Amino acid sequence: MRKIAYATLKTVLISCSAWLLAAALCAVVGYLYLARDVSLENSYLASQTIRDIEKISSRINSTSMALAGVENLSCSSESRRILRGYVFVNAGISDIGIYGKEGVACTAMTDVLPEESIDPENFIPVSEKGRIWRSRDLIENDGIDPSLAFSNGKLIYFVEPFPIEERGRTRFLWEFVYTNGGPFTISGSDGLYRKYSDGSGGRHGIVSIECSNSFNICVVIMIPWEAIIAEHFPILVVLSLITLLLGFWFSSLIRWQVNRSSTAAARSLAAINKRAFHCAYQPIVDLETGHIAGCEVLARLEDRYGPLSPAEFIPVVARNNLMNEFSKMIFDQAYSGIRELKVTGRKRFKLSFNIFPSNLNKEMVSFFQSHPALADERLQICLEVTEDSSISEHQYREFTEQLNRIGIEVSVDDFGTGYGNMSRLKSAFLSYLKVDKSLVSHLTPGNVKDSLTSYIPLIADNAGMQIVAEGIETEENLAAIRSLQIRFGQGYYFSRPLPPADFIDLVVSGKNWAEQEQKSKVVELAAKAKSRNDH
């Protein structure tokens, strides 16, 4: 059930990831497209508005200069006729007014005002005499809408609405600002420039800001997202359909990639490339003294998919002919992990390390010979190799002899299973037989003499080798092995394979299994004696 639930969860997560990826991609593409399209439109409109402002400002300046030469300019019919002529020839200027004693007394397009219109105080100062009003209305309720006005001395100029004002009423927000000493809002939505001048408009909409090179004026245009979405709805529908197609495609692609990358072969090869394997150390115990005499180094792999057993990654290493590279990497890590170990006593601490039969070659002999572990006087390096019929008798003897010559012991691993060659045991330079756990885990003092394991000590004596029994898991296993006078043992009874730091702590603690067993027997005898006394 757990596997089914995990597989279902994995499929759901992959599908969700694919849809999220597709949605994110389409959202990014859609955002970039809309941002570019709308920004271009905004920038064009803002630039056009800047040009309109510059043209009108230029026309007001030139008109002011021309009218400065007109003598006795007043509210007379002749003066107003002259002003009307300048209004007609200057697009963007809707009217020109003349100041009286206190305010505007008349304009070109109306007549003499019933009373002078005093300037309101909410103006924007742009020069010594120049003032701008956002909304200047001379006569209330006269049917003429208030408009932008600019006064310069004796004259006041009224400006026609800009095209952006008509378009911005429904689609977007906009603002003209005078930046010298401000910003001051000339027209449009107050505070828009202050709010988005730092570029923070992306959360609310798309913002464009254009400024005049000649005047201290900037134009801000902001189109809210809801307006953009409403205007580009067909494009969003197309993007939604693309999201559906991409979601299906990404889901299939990611599922294929995950399944491909989670195979034992892919995980093993990736771990070799990244040197992601680690080492665990299982104690080898001297059964006579009860002390730890050494350890066997075991390669382990655990990645984001979980642990991968040696039975899964070792065949991948062999199939890809990476035996030498793998053994070198693991041996480097094995020595590095145990480098801080402090060993007391005269005997060297046995560092037992598994190699492939194909590792019996010149390259590996040279590697071990030059390795700093070989010069470490605390350690006795022992290489465990499984017998293999693909290795010739001559090759087996030649390289075990070379290893012995440089101070490395060789052990026959997994003895009692698979291929076995008794003549090779005598001819090769071998130091240990490691009895496979399949021959040990079922042993008890009652069945040991009837088992095949009982003949192994005789074979070892004839070959001049010592024995290490693997797979000791219970006290009965241990008692049976001791009854065969086997010197060394390892297995879960003593300890599971440990990471470097935990293994070093175990060795330093000086744990003695012989004393532990003796104490257990004393406690057991005391319990039996107490039981007899009670009866």
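Two strands are taken to pair if DSSP finds at least two bridges between them. Strands (E, at least two residues) and helices (H or I, at least four) are DSSP runs, numbered from the N terminus. With that in place, I shall begin with strand E12.

The model I am presenting is predicted, so to speak of local features we need pLDDT of at least 70, and side-chain atom pairs count only at pLDDT 80 or more, whereas totals for chains, interfaces and linings use all residues. Residues are numbered from 1 along each chain as its sequence is written, and side-chain values use heavy atoms, with hydrogens and water left out.

To which strands is E12 joined by bridges? Strand E13, residues 292–303, runs antiparallel to E12 and is joined to it by 8 bridges. In that pairing, Pro 283 faces Cys 295 of E13. The two strands make a hairpin with 5 residues between them, and in the turn Gly 290 has a positive phi of about 85 degrees. Strand E20, residues 488–489, is also antiparallel to E12, with 2 bridges; here Asp 286 has Phe 488 as its bridge partner.

On a 1 Å grid over the protein atoms alone, a cavity is a set of points where a 1.4 Å probe fits but cannot get out; a pocket is an open set with protein on both sides within 12 Å along at least five of seven lines; and lining residues have an atom within 4 Å of a point. Grid points are joined across faces, edges and corners, and a volume is the space filled by probe spheres set on the points.

The largest pocket has a volume of about 900 Å³. Its lining comprises 33 residues, of which Glu 296, Leu 298, Pro 310, Asn 354 and Asp 413 are the closest to the centre. Elements giving two or more residues to this lining include E13, helix H8 (310–319) and helix H9 (323–338). By class, the pocket lining has 17 nonpolar, 7 polar and 9 charged residues; Ala, Val, Leu, Ile, Met, Phe, Trp, Tyr, Cys and Pro count as nonpolar, Asp, Glu, Lys and Arg as charged, and the others, Gly among them, as polar.

How many cavities of 30 Å³ or more does a search of the whole structure find? The search finds 1, and the largest cavity has a volume of about 40 Å³. Among the residues lining this cavity are Ile 284, Lys 350, Glu 384 and Lys 434. The cavity lining divides into 4 nonpolar, 2 polar and 3 charged residues.

Finally, the aromatic residues. Rings of Phe, Tyr and Trp (its six-membered ring) pair if their centres lie within 6.5 Å; planes under 30 degrees apart are stacked, over 60 edge-to-face, and the rest tilted. The whole structure holds 16 aromatic pairs. One of them, Trp 174 with Phe 176, is tilted, at 5.0 Å centre to centre and 50 degrees between the planes. Trp 174 is buried at 9% relative accessible area, and Phe 176 is buried at 1%. Phe 367 and Phe 368 are edge-to-face, at 5.3 Å and 65 degrees. Ring pairs also link Phe 277, Phe 313, Phe 326 and Phe 356 into a cluster.

Definitions and conventions:
Buried < 20%, exposed > 50% of the residue type's maximum accessible area, 1.4 Å probe, protein only.
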